[in-house]
Amino acid sequence: MILFYVLAIVLIASAIFTISQKSPVYSVIGLLTNFLTLAAFYVTLNAEFLGVIQIVVYSGAILMLFVFVIALLSSGIGPFSEGPDRLPRVLAPALATVVVAFGFLIYGVLHAPMSALPAHVMSSTLGPPGTANVFGSVGDFGVALFTTQLLPFEMTAFVLLVAVIGVVVIAGDAVVGPTHGAHLVRRKRRTAKERESIVKTGR
Amino acid sequence: MDVDVSNYIALSAVMFFIGVAGVILRRNPLIVLMAIELMLNAANLALVAFSRAWVNNAGHIFVFLVVTVAAAEAAIGLAIVVAVFRRSKNVDVDEVARLRG
């Protein structure tokens with residue numbers, strides 16, 4: 001119980017830190033703390049494999065992508081214009097959204113049959129973390145992934161394929177129209193003759 | 001499960017609304033994308049908590065799918081940011097309004 005509250009405070013504090021920082025690099029640090037805390041939560045909830053996935057995929061891959069894009073964008077110039085705070089303009093719609101969504105949430109939590117726990121929904125047995133084939137272990141997760149949940153697993157391949165093609169199409173080298181990031185576009189290769197003439201004439 | 005599932009749901013809701021606030025209030029597209037990641041992870045926390053409460057690993061599978069979608073979404077979102085930056089130097093979400101019509 002104490003562990004829950006300590007982790008919850010770290011989780012919320014790092015989330016607020018993430019969205020309140022001026023520089024995106026500090027936001028990435030906050031997000032990293034947030035993800036590591038979530039991994040700790042997953043382990044306490046018997047989902048040890050998901051804890052590992054959280055660290056490897058989120059902290060290892062997705063945050064690295066963010067860091068690389070920040071490094072790419074902020075070289076030399078500041079791409080983010082200073083401007084008036086958005087808070088006064090969006091306060092009313094934001095408050096309305098929060099009130100409506102929170103109302104639905106409270107209604108759902110109050111009317112959900114939490115106490116009546118049917119025994120037949122249990123897919124596996126509970127056991128101490130680190131044991132083979134108990135709930136949340138790699139064996140338990142893998143068997144479910146490759147037998148009963150095989151179709152959703154196959155669909156993730158399509159999702160990733162679409163993402164790969166989309167990234168190549170959107171951010172590929174073929175830049176049409178006027179471009180300000182000309183230093184990002186590959187320069188045309190010189191032929192051997194051109195290089196030779198440059199060496200001889202000095203320009 | 002020594003902590004009741006409603007505590008996890010409350011924590012997940014708080015984290016989700018911090019993400020919503022980030023998307024609405026910030027103008028930097030990178031931080032908006034990070035706030036979207038926060039919301040996805042809040043949903044993941046709720047899924048894992050319910051999965052544990054019912055001792056059913058369908059929620060774990062769902063979290064796995066959400067992580068995949070989040071990775072794809074982050075990759076495409078960042079590619080859009082890079083493409084916009086190449087064309088106009090300014091990637092502020094209020095300034096990039098070419099599709100407004």
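Start by selecting Val55(B): this residue is partly exposed, because 18 other C-beta atoms lie within 10 Å. Here a residue is called buried if 20 or more other C-beta atoms lie within 10 Å of its own, exposed if 12 or fewer, and partly exposed in between, with C-beta atoms placed from the backbone. Look at the backbone of Val55(B) too: phi is positive, about 45°, although the residue is not a glycine. Val55(B) sits in the loop between α2 (29-54) and α3 (58-88) of chain B. Helices (H or I, at least four residues) and strands (E, at least two) are DSSP runs, numbered from the N terminus.

A word on what you have open: this is a predicted model, in which local features need pLDDT of at least 70 and side-chain atom pairs count only at pLDDT 80 or more, while totals for chains, interfaces and linings use all residues. Residues are numbered from 1 along each chain as its sequence is written, and chains are lettered from A and ligands numbered from 1 in the order in which they are written.

Next, stay in chain B and pick α1 (residues 5-25). Its 21 residues should span 30 Å at 1.5 Å a residue, and the end C-alpha atoms are 30 Å apart, which agrees; the expected span is 1.5 Å times one less than the number of residues. Now colour the buried residues of α1(B), among them Tyr8(B), Ile9(B), Met15(B), Phe16(B), Phe17(B) and Gly22(B). As you turn the view, remember that an α-helix has 3.6 residues a turn, so residues three or four places apart point the same way.

Now move to chain A. Select Asn46(A), in the loop between α2 (24-44) and α3 (48-73) of chain A. Its phi is near 65°, a positive value in a residue other than glycine. Is Asn46(A) buried or exposed? Asn46(A) is buried, because 25 other C-beta atoms lie within 10 Å.

Finally, show both chains. Which residues meet? The contact takes 72 residues from chain A and 66 from chain B, where two residues are in contact if their C-beta atoms, placed from the backbone, lie within 7 Å. On the side of chain A that touches chain B, α3(A) gives the most, with 11 residues. By class, that side has 54 nonpolar, 16 polar and 2 charged residues. Ala, Val, Leu, Ile, Met, Phe, Trp, Tyr, Cys and Pro count as nonpolar, Asp, Glu, Lys and Arg as charged, and the others, Gly among them, as polar.
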